[in-house]
Amino acid sequence: MESEDDMHDANDSAEDDFYSGGEVGLAASDDGDADYDFADHDSDDSAELLSHRQQQNYSILSEVDIKRRQEDDINRVSTVLSISKPEACVLLRNYNWSVSKVHDEWFADEERVRKVVGLPEKHIEMPNDREVTCGICFESCPRGSMSAAACGHPFCSTCWRGYISTAISDGPGCLMLRCPDPSCAAAIGQDMINSLADDEDKEKYGRYLRRSYIEDNRKTKWCPAPGCEYAVEFVMGSGSYDVNCNCSYGFCWNCTEEAHRPVDCATVSKWILKNSAESENMNWILANSKPCPKCKRPIEKNQGCMHITCTPPCKFEFCWLCLGPWSEHGERTGGFYACNRYESARQEGAYDESERRREMAKNSLERYTHYYERWAANQSSRQKALGDLQSLQNDKLEKLSDIQSQPESQLKFIIEAWLQIVECRRVLKWTYAYGFYLPEHEHAKRQFFEYLQGEAESGLERLHQCAEKELQIYLDAECPSKDFNDFRTKLAGLTRSFH
């Protein structure tokens, strides 16, 4: 039986294999063209077209699936170790829901495990008196209204309910709840929660328990899409970390960012941080402003003349070109609108460093803008393509079927084309993030990368234009078109060229 640690090691090993060298393969992957062939031409199900390959190494879990698997694990541990289900649940929570880990630890040293997780070997009964004193409120209550964990420390129902409710309100930590007695570490099982808590708290506790089954298990994660309640169980297989959830969101299992193959997770992390960081704001300030010579605040020149007045309270007047006091500017310096002191000063080396820094910042900003604009443009095109695909599936395919007198099953080549466009836009988008971080000195590598990128972009534009504009001609037609089969051949050919 595979342990959780073995699974973790396998994840690490696979990540090293998949991203070895940190280089991007923009042509074909190690296992051939099939790595990009998400459109199965023999399938009529568009959902399978998008996910048939990924289904080999992950499975999507609904809330019902999670609950069923959780109950199966609890039952298995309970049967093998001959303990109650609440005790089995306590054990699994403490060992991150790893059945194999529970078995290994239990059979290695049962006594130590019981002590660590808070499961007394013998169940201690409450005092057999008519009235028992509550250990929290110190009121004497009838024995029938008192409850105790396996440790036997008695507390009244009111105090138990308040204690449990407070713990559940504090969050998922309630799953590790122990006896209220300060000297006792006995675990409070789900059976006591169900018998003592109100309905709202029981529902919260059950939700925390299900979430812990996913969040504490290294082989499962929640889909990161907003509002999605599906989880993913990942099984190492093809080496790809791409996951397509049932909610239609695609993400990377390894870093949980949106799917970004073939770019590695480290590059994606740096790119996202750069897009949101203040570094680009500072680059813009350096490239497009100059500091006031007196107060040093950055100033953007928004008028044509070189006479600059700093904002109050500074109000210092200076020349934009040479940053010298405006009071020293006159006919002898070339006039108010043509200061020549800057050029002479630069020849003397007075402004070399500041000018160099400003030029570097400007070049850096221009380079970043080049890659970011193309990254964002492909993202925008991908979102538009997803909308067009949805519209096509909802009504346009049926309309086209009526106009061209062909069954919808023979028009699946159009769906395949749009799925390919969506995937290619995603890949192409991330190649710009990769290109931004390519070392400047690796000229041959950069040239080859840009050649592949250009070929991919050119081919994708032809496919996108055919699927978008040429298809519209047949959607606007009033009767079957004679050249529709030629369009089918062209679009299918352009789609296959990416496989």
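1. Ground rules. This is a predicted model, where local features need pLDDT of at least 70, side-chain atom pairs count only at pLDDT 80 or more, and totals for chains, interfaces and linings use all residues. Residues are numbered from 1 along each chain as its sequence is written, and side-chain values use heavy atoms, with hydrogens and water left out.

2. Aromatic pairs. The structure holds 24 of them; rings of Phe, Tyr and Trp (its six-membered ring) pair if their centres lie within 6.5 Å, and planes under 30 degrees apart count as stacked, over 60 as edge-to-face and the rest as tilted. With centres 5.3 Å apart and planes at 75°, W97 and Y213 make an edge-to-face pair. W97 sits in the loop between α4 (85–94) and α5 (99–108), and Y213 in helix α9 (residues 199–215), so this pair ties together parts that are 116 residues apart in sequence. Helices (H or I, at least four residues) and strands (E, at least two) are DSSP runs, numbered from the N terminus. Both W97 and Y213 are buried, meaning under 20% relative accessible area, with exposed over 50% and partly exposed in between (1.4 Å probe, protein chains only).

3. A stacked pair. Y368 and Y372 stack at 5.7 Å centre to centre, with 25° between the planes. They are 4 residues apart in helix α13 (residues 352–404), which means about one helical turn separates them. Y368 is buried at 9% relative accessibility, while Y372 is partly exposed at 33%. Both belong to a cluster linked by ring pairs, along with W271, Y371, W375, W430, F436 and Y437.

4. Charge over a ring. The charged end of R367 sits over the ring of F436, 4.6 Å from its centre. The criterion is NZ of Lys or CZ of Arg within 6 Å of the ring centre and within 35 degrees of the ring normal.

5. The sheet. Three strands form an open, antiparallel sheet in the order β1-β7-β6, where pairing needs at least two DSSP bridges between two strands. β1 (58–61) and β6 (220–222) are the edges, each with a single partner strand, so one side of each has no neighbour in the sheet. β1 and β7 (residues 231–234) are joined by 4 bridges, and Y58 stands opposite F234 in β7.

6. Helix packing. Helix α3 (residues 63–81) packs on the sheet, touching β1, β6 and β7; contact means heavy atoms within 4.5 Å. α9 touches β1, β6 and β7 as well.

Note on methods
Axes fitted to C-alpha atoms, helices over the stretch in contact; angles between N-to-C directions.
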